[in-house]
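Here are my notebook entries for a reader new to this one.

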Amino acid sequence: MMDRVRIAELMNQMLESQGKARPRSDTQLREIAFRSLDFSELALRVEIEIGRELNFDAPALRAIETVGDVLDFLEVASA
Amino acid sequence: MTPPTLRLENRVALPNGETTWAELAHTTPVDADEPVAFVVRSAQEACAALVGVATRRLDALLLDADRADAHQVQSLRAAGYSIIDGARVVAAERASVVVPGRITVLTSGTTGEPKRVAHSLESLATMASTDCLPRRWLCPYAPGTYAWYQLAVMSLTVPAQDLVPVDGRDVDGWLLAAEASGVDAISATPTFWRRALVMLPRGRLARMGFRQVTLGGEPVSQRLLNELGSLFPGARITHIYASTEAGACIAVSDGRAGFPADWLGRRLGTGARLRIDADRLFVASPWAGADTDEWINTGDRVRFEGDRVHVLGRAPTEIANVGGVKVALAEVEQVLSQHPDVAWCRVRARSAPLVGELPVADVCLRAGADIGAGELTSWCRERLSEAAVPRVIAIIDVIPTTAALKEAI
């Protein structure tokens, strides 16, 4: 499993490369224009670090709204 | 075609000393009255085998030891070849008809199982009837490849063409050999040069003072032609189009990428004719392998730009499907490669959650470049749609190459 702190670091690196500020955990994804491509990139970066594909739970994916939701989701998916 | 005259007086500079083809002919391993495959483990073994095959009109194939895996050896034995590996001889599994003078060349196999293409000294001696200035050629190709035969047979059949065979994958090694041997001509792939331009000091390369630089095996960009032109201002730079099956077809020396569109439908200096059908290049060449159709579909795509035709290489099989958006990876690669600090790049599709696939890239930077992946991502964002921007860019130190000095796929 990748810990939440490391996932947050990866997400912050991504956002900074897009010229965006570091978000709070309760920041809504639409506020920072974090779209499906960005989510996929972050998930891919997690997969590269842990060396295997993530296990996805589709219903949980649809429920994601905030930055904290993304971190929680990827932490569970990387277990 | 009549057999070319052998120029056994031409010289061959080997790692353990300089010799002539005549002297090497005395060291050829065996005479044979059956098809034989020589497994060669050094430049000396390869050259000795070639001159033996040429002088005795053997029915033979040269197999670089790196390619002589159990599967390949078994395949050759099943096809009627006895395998000669130094002093060890492994008999063919079945008898087969001997064709004196047949030299069988294996394709690179990058698009599947290597194919055996029947050539001869005559069909490989594409320069035998051409007036050539005296040259000393650096040959960085692996023995047994079509490109290796082009250079080795030229040295064996054209007056005053000496050969300096080296391992082109050993970047320091080939340059040291070139410096020590006093070469003034070189034939190599664009990937070979991109790799050299990244890994070797330009000043040291420039001091080679090549008079002839020949490029082939892959599409040649205008940018690379310009770079080599500035590095070797006294050189004639020629890019050629040739393949194991089609033989030598196109040779362009005007400093521009692509070939003149008005060459289509004409008989060229090489004797080849060209036509385009549905964006694919078809060639008919007197240097083609035996048992091939008159017109060969090369499978290579072409593009017209003004008065030139550019050969783009094999049709891309990789289109990334990024959340339903089709992204042509070749276009992404083109944009990335235009960054001034990028020496080489490869873009591919990688499966990714949610959107199916994402473009990712491996990039080799120019010597002295000090940028990170973020800079390259920004470059792409300014020029590509959001779906086409490579989402992960890995900076690598060495351009991966195959034994044929082409990009490793």
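I looked up how α7(B) and α9(B) cross, and the crossing is left-handed (the near helix is turned anticlockwise from the far one by less than a right angle). This is a predicted model, in which local features need pLDDT of at least 70, side-chain atom pairs count only at pLDDT 80 or more, and totals for chains, interfaces and linings use all residues. Residues are numbered from 1 along each chain as its sequence is written, while chains are lettered from A and ligands numbered from 1 in the order in which they are written.

Next I checked the geometry: helix α7 (residues 190–199) of chain B packs against helix α9 (residues 222–231) of chain B at about 60 degrees, with the axes 11 Å apart.

Then I listed who touches whom, with contact meaning C-beta atoms, placed from the backbone, within 7 Å. α7(B) brings B:Pro190, B:Trp193, B:Arg194 and B:Leu197, and α9(B) brings B:Leu224, B:Glu227 and B:Leu228. I found five nonpolar, no polar and two charged residues there.

I turned to the two chains: chain A gives 12 residues to the contact and chain B gives 13. On the side of chain A, helix α2 (residues 36–50) supplies the largest share, nine residues. That side of chain A divides into seven nonpolar, three polar and two charged residues.

Last, I picked out B:Ala37. Leaving aside neighbours within four places in sequence, B:Ala37 is in contact with B:Leu61, B:Leu63, B:Leu76, B:Tyr81, B:Ile83 and B:Ile84.

Terms used: Axes fitted to C-alpha atoms, helices over the stretch in contact; angles between N-to-C directions. Helix = DSSP H or I, 4+ residues; strand = E, 2+ residues; numbered from the N terminus. Nonpolar A, V, L, I, M, F, W, Y, C, P; charged D, E, K, R; others polar.
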